[in-house]
Amino acid sequence: MQTRTLGSTGPRTSALGLGCMGMSALYGNADRAESIATIHAALEAGITLLDTGDFYGMGHNELLINEALRTAPASLREQALTSVKFGALRDPDGGWSGYDGRPAAVKNFAAYSLQRLGVDHIDIYRIARVDPDVPIEETVGAIAELVEAGHVRHIGLSEAGAHTIRRAVAAAPISDLQIEYSLISRGIEEEILPTARELGVGITAYGVLSRGLISGHFTRDRQLAANDFRGMSPRFQGENLQHNLDLVDALRKIAEQKGISVAQTAIAWVLAQADRHNADIVPLIGARSRDRLTEALGALDVVLDESDLRAIEEAVPAGAAAGDRYPAAQMGHLDSER
């Protein structure tokens with residue numbers, strides 16, 4: 001499988017990463033055995049990057065990855081890279097209380113993650129959202145101390161804007177920026193992507209299928225479970241949803257002409273942006289089952305030429321999506337949107 005360098009200071013990683021959040025939280029119930037089997041299958045296929053957050057299921061996701069790694073063959077376990085987000089504050093009812101990027105908190109979060117994951121170091125460590133009350137220099141400085149102590153290998157960012165990226169890079173070596181990027185979430189192209197490219201910071205793109213919205217599998221009459229975050233997402237509500245699925249229908253016509261799935265088309269489009277923008281971009285796929293993983297891996301064999309890319313972007317123009325990426329309350333936490 002193709003490999004790419006994750007930023008000028010980052011580790012070698014495969015062309016795709018596996019986002020494990022949906023195996024524990026926010027998308028309804030998941031099958032634990034199938035989740036572990038999917039992680040094993042991803043490692044066997046050459047995917048090395050496993051992305052999680054200490055607040056995904058309040059530690060559940062890290063413990064799941066722990067089990068998957070413990071039960072994987074040693075050769076696969078040794079190639080796995082852990083990417084961990086921290087800083088989100090939760091309450092017992094699952095509510096969100098902000099973010100904490102204070103240096104003491106950074107080291108506290110890391111101590112618990114190392115224990116839950118069962119590892120002696122975290123490969124890439126990043127605050128999930130920039131804490132507006134703590135200078136980013138202090139937050140990444142604390143991670144740099146963890147790097148010096150051997151507990152962390154590389155420093156990442158998440159949902160940071162261009163100005164914050166520059167400040168962080170001036171304070172410490174930054175491996176990559178994890179941020180949403182897909183056919184219907186192209187906001188990073190104007191300023192954030194060029195800044196990251198200039199500074200040698202890789203992009204780890206999450207939401208490449210927009211939480212399943214542009215996967216080709218989301219139906220117009222689908223009823224979401226009460227514990228499915230998408231029920232509160234503006235893009236999945238009412239007329240917004242119908243409009244966005246019209247875009248998917250247009251994309252489906254192109255996919256059918258090429259003999260591939262809608263999901264493969266959308267993932268291949270993100271992969272193609274690395275060459276188009278001369279940038280280092282690694283898409284995260286959020287597969288929760290081996291079937292979805294197999295489909296996503298098929299995107300690696302898809303070749304999109306310039307005519308294909310033009311047709312895709314005519315079907316789904318930049319800015320065409322209806323509704324914000326997150327509910328209004330959460331949009332306020334995104335440094336990348338300020």
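## Basis of the model

The model is predicted, so local features need pLDDT of at least 70 and side-chain atom pairs count only at pLDDT 80 or more, while totals for chains, interfaces and linings use all residues. Residues are numbered from 1 along each chain as its sequence is written, and side-chain values use heavy atoms, with hydrogens and water left out.

## The annotated domain

An unreviewed UniProt entry places the feature "domain: NADP-dependent oxidoreductase" at residues 16–315; such annotations may be inferred rather than shown by experiment. The span of residues 16–315 is 44% helix and 16% strand, and its end C-alpha atoms lie 25 Å apart. Helices (H or I, at least four residues) and strands (E, at least two) are DSSP runs, numbered from the N terminus.

## A strand hairpin

Strand 6 (residues 88–90) pairs with strand 7 (residues 96–99) in the antiparallel sense over two bridges, where pairing requires that DSSP finds at least two bridges between the strands. Arg90 stands opposite Trp96 in strand 7. Five residues lie between the strands of this hairpin, in which Gly94 takes a positive phi near 90°.

## Helix 5 with helix 6

Helix 5 (residues 136–149) packs against helix 6 (residues 162–171) at an angle of about 45°, with the axes 9 Å apart; axes are lines fitted to C-alpha atoms, for helices over the stretch in contact, and angles run from 0 to 180 degrees between N-to-C directions. The two helices, helix 5 and helix 6, are therefore oblique to each other, a term for angles that are not under 35 degrees (roughly parallel), over 145 (roughly antiparallel) or 65 to 115 (roughly perpendicular).

The contact (heavy atoms within 4.5 Å) is made by Ile136, Glu137 and Val140 of helix 5 together with Thr164, Arg167, Ala168 and Ala171 of helix 6.

## Helix 4 and its neighbours

Helix 4 (residues 103–117) and helix 5 have axes that come within 8 Å and cross at roughly 45°, which makes helix 4 oblique to helix 5. On the helix 4 side the contact involves Pro103, Val106, Lys107 and Ala110, and on the helix 5 side Glu138, Thr139, Ala142, Ile143, Glu145 and Leu146.

The axes of helix 2 (residues 60–70) and helix 4 come within 7 Å and cross at roughly 40°, so that helix 2 is oblique to helix 4. Here Glu62, Leu63, Ile65 and Asn66 of helix 2 make the contact with Ser113, Gln115, Arg116 and Leu117 of helix 4.
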